[in-house]
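Colleague: I have a model open on my screen. Please show me how to read it, feature by feature.

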Amino acid sequence: MPTSFNRRDFIKIGAAAGIGTAMVGPSLFRRHPTARTTYPRQQGDLIETSPTYCEICFWKCAGWVHSKNGKPWKVVGHPEDQHSHGRLCTRGTGGIGAYTDPERLKRPLIRVEERGEQVFREVSWDEALDYIAHKLSVIKETHGPESLAMFSHGTGASHWKTLTKAYGSACITAPSFAQCRGPRAAGFYLTYGDVVGSPERTDIANSRCMVLIGSHLGENLHNGQVQEMGTFLANGGEMIVVDPRFSTAAGKAKHWLPIKPSTDLALILAWIHVLIEEELYDRDYVERYTTGFEQLKEAVATNTPEWAYPITTIEPAVIRETARTMARYAPATLVHPGRHVTWYGDDTQRSRAIAILNALLGSWGREGGFYIPQTAQVPEYPHPEYPEPSWKMCEETQKIFPYALSPVASHIRDMTVAPPAPDKQVKAWLVYGSNLILSLPDIEKTIQAIQNLDLLVVIDIMPAEICGWADVVLPEATYLERYDDLRISPGRRPQIALRAPAFEPMYDTKPSGWIVKKLAAKMGLSQYFPWEDDEDYLDWRLRQIGSSLDEMLEIGVKTLPSQGPLYFPPGADVTFNTPSGMIELYSEQLEQYGFDPIPVYRAHQEPPAGYYRLIQGRSPFHTFARTTNNPILTELQDENTLWVHPTTAKDWGLETGQYVHLENQDGKHSTFPIRVQITERIRTDCVYMVHGFGHSQKQMSRSYGKGMDDNELVTNVDVDPIMGGTGRRSNFVTFKLENATPMEAA
Ligand code: MGD
Ligand code: SF4
């Protein structure tokens with residue numbers, strides 16, 4: 001019997017099964033239970049290990065899962081792995097919590113009432129997949145296969161992407177492009193004809209000077225990168241941190257520049273001005289590899305430190321001194337390109353300014369700057385050609401944002417609400433591992449788009465907010481219970497890593513490899529999945545490079561022969577993948593679209609009186625909203641706090657520990673209150689919280705109502721006109737002190 005719940009109560013889930021409830025029936029895996037390494041009994045315990053790579057964030061550190069007497073024990077880093085160097089971060093070691101969380105999704109669900117009513121019934125896999133296959137066939141007939149959009153975040157999405165392409169759609173997006181790294185990709189691509197990639201090609205370990213512009217490494221815990229920062233500091237590296245907040249990194253820096261938020265581009269232009277005016281740039285590198293230097297010199301002639309001072313509040317002497325420091329260590333000076341760079345809408349131009357600054361320092365392709373990454377080449381499993389879509393989302397997006405290098409998630413959402421033409425409708429979404437309600441700015445519009453769909457399928461491990469809006473919810477096995485595609489990421493050496501299941505999937509959850517193959521069969525698309533199962537798929541790919549699944553189950557990580565030098569050899573001729581073949585300080589590509597060919601600073605909106613700019617960052621203990629219900633990680637942190645400067649606190653009579661509500665410039669009031677943390681480590685014109693808290697799903701009891709969701713206060717989005725990025729930092733909040741009662745006391 002379906003049971004009604006209000007929107008916040010969300011999904012009905014059947015009688016809770018306890019931890020250790022394994023799937024009844026034969027093993028899903030043929031090879032792994034006997035192939036994984038088994039150590040002799042230690043003090044009476046049977047210790048077993050399986051290779052994995054972490055899915056708690058997308059750095060994908062390789063490691064070993066250890067079980068004791070068949071039960072999860074610990075996950076540790078793989079010593080050969082260049083992402084983790086043998087050590088996992090706090091979140092990675094807490095990864096077991098994703099497996100043991102008794103509140104995870106357990107069985108497939110189908111919605112039985114109107115969308116938004118959140119009434120579901122538990123169904124068998126066959127019923128869930130029949131339902132999807134039937135709906136997709138009707139949608140294909142009515143609106144064409146191009147009307148399917150896929151949102152993907154995570155490795156398990158790989159088979160779903162294949163299915164989307166086999167169905168006939170090219171509309172596959174990672175929300176991280178428009179909400180995170182896209183401006184950096186566009187800015188560096190326009191300048192160098194290449195992207196920074198992930199993991200970043202930053203040669204931190206060999207740097208002598210590192211500049212972090214709103215990149216809060218240390219709190220932003222991308223493991224290998226933070227370990228390299230440790231090496232850099234231990235070697236006496238000088239760090240310059242630009243942040244309105246005294247971040248953990250600022251605490252390790254020689255120079256902390258507490259910049260007025262939204263003015264970084266002015267500072268970078270002033271640095272460029274100083275390098276050119278004082279002839280501190282790398283003349284040989286600039287002459288050999290770049291084009292547009294004279295135009296750059298002319299463009300920044302008036303961007304003096306004195307010009308930048310009233311804009312940024314950074315004193316001219318500090319701007320000059322830090323520019324000289326960068327030049328002193330160049331080319332082993334790394335101006336870090338950042339990662340989450342969608343801030344104020346002019347983000348591609350800010351990223352381009354960072355790219356230009358690095359070019360003047362001669363650090364791209366040089367030791368201590370940016371190395372040349374190497375990626376293992378592993379052939380794809382052969383399959384038939386995908387059908388050619390009659391229209392492609394990326395082309396539609398590029399009509400509006402010319403350097404959208406991938407479809408833009410928010411643009412797909414907007415097109416779902418208002419299609420550009422009757423024959424270009426988006427009618428079905430597959431959402432893999434992406435809680436679009438908390439991650440896409442403008443929640444109301446996201447819900448409006450969902451209401452326009454004929455089908456919303458969510459594949460997740462937790463009953464995240466997006467599941468509540470789905471027609472079908474598919475519970476995926478966690479990364480500790482499944483094979484996934486090989487990890488093939490760029491790095492200093494070509495390297496691959498294997499993720500194998502350490503445990504049978506609990507409850508009635510399944511790996512995506514299994515789900516997609518079965519769904520493809522029901523859709524008549526089996527020819528695109530010709531392998532027998534995940535083990536056969538992986539083994540075939542591995543054999544093409546002289547390895548095998550058995551070998552990888554034993555070793556976990558394999559390093560392949562180097563493909564070439566890590567840095568430009570001295571005096572080498574280098575052709576860049578730009579129209580001119582040079583590093584483009586002046587961009588004719590941008591000019592032809594009517595954009596500034598050299599970045600120009602333009603002022604942003606200021607907070608109204610009594611309001612403060614809301615700035616956000618990451619908690620070292622959590623991965624955005626993904627982990628805030630994890631039973632292990634919530635013990636380390638279960639709510640976020642609001643950083644408030646003492647002067648602001650005094651004006652409002654606030655005390656540390658007190659709960660407050662916030663309201664933004666558009667009158668949007670927070671759903672849950674947040675605890676105040678008074679600190680001199682932040683400027684007076686802004687307040688700060690980490691992202692990922694304030695979940696509204698009661699089904700996730702450890703995170704429900706704990707802390708505040710910054711996303712609901714982001715109603716103003718500054719869209720980057722070059723690539724469609726969604727800048728979230730032009731939202732201003734004021735304090736609302738009434739009825740600010742924390743959940744536990746409410
Ligand atoms: P942001 O969230 O943009 O992060 O990490 P970053 O790329 O480092 O930056 C937050 C910093 O910007 C804060 O210190 C804030 O005070 C500062 N800031 C705010 N406004 C301004 C401004 O106008 N100018 C300047 N100069 N600084 C400003 C994000 C990265 O972290 C990403 S994209 C991912 S996907 C990973 N997520 C993640 C996680 O969820 N948890 C942990 N622990 N680590 C993570 N690492 C990665
Ligand atoms: Fe996992 Fe931490 Fe590595 Fe991310 S950085 S993959 S959470 S161990």
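Modeller: We will take the ligand site, a helix, some strands and a few backbone details.

Colleague: What ground rules apply here?

Modeller: This is a predicted model, where local features need pLDDT of at least 70, side-chain atom pairs count only at pLDDT 80 or more, and totals for chains, interfaces and linings use all residues. Residues are numbered from 1 along each chain as its sequence is written, chains are lettered from A and ligands numbered from 1 in the order in which they are written, and side-chain values use heavy atoms, with hydrogens and water left out.

Colleague: How many residues surround ligand 1?

Modeller: A residue counts as near a molecule if one of its heavy atoms lies within 4 Å of it. Here 32 residues surround ligand 1. The closest are Asp243, Asp264, Tyr344, Ser619 and His622.

Colleague: What is the make-up of that shell around ligand 1?

Modeller: Sort by residue type. Ala, Val, Leu, Ile, Met, Phe, Trp, Tyr, Cys and Pro count as nonpolar, Asp, Glu, Lys and Arg as charged, and the others, Gly among them, as polar. The shell around ligand 1 has 12 nonpolar, 12 polar and eight charged residues. Domain 3 (179-373) and domain 4 (612-745) each supply at least three residues; such bounds come from an automatic or database domain assignment. Strand S20 (residues 612-617) gives the most, with three residues. Strands (E, at least two residues) and helices (H or I, at least four) are DSSP runs, numbered from the N terminus.

Colleague: Why is helix H5 described as largely enclosed?

Modeller: Buried means under 20% relative accessible area, exposed over 50%, partly exposed in between (1.4 Å probe, protein chains only). Eight of the 11 residues of H5 (residues 157-167) are buried, so the rest of the structure largely encloses this helix. Among them are Trp160, Leu163 and Tyr167. Just after H5, Gly168 has a positive phi of about 120°.

Colleague: How many bridges join strands S2 and S3?

Modeller: Two strands pair if DSSP finds at least two bridges between them. S2 (residues 62-68) and S3 (residues 71-77) run antiparallel, joined by six bridges. Ser67 has Pro72 as its bridge partner. The two strands form a hairpin with two residues between them, and Asn69 in the turn has a positive phi of about 50°.

Colleague: Where is Lys60 found?

Modeller: Lys60 is in the loop between S1 and S2. Its phi is positive, about 60°, although Lys60 is not a glycine. Lys60 is partly exposed, at 24% relative accessible area.

Colleague: Which peptide bonds are cis?

Modeller: Check omega. The bond from Ser198 to Pro199 is cis, with omega near -5°. The bond from Ala330 to Pro331 is also cis, with omega near 5°.
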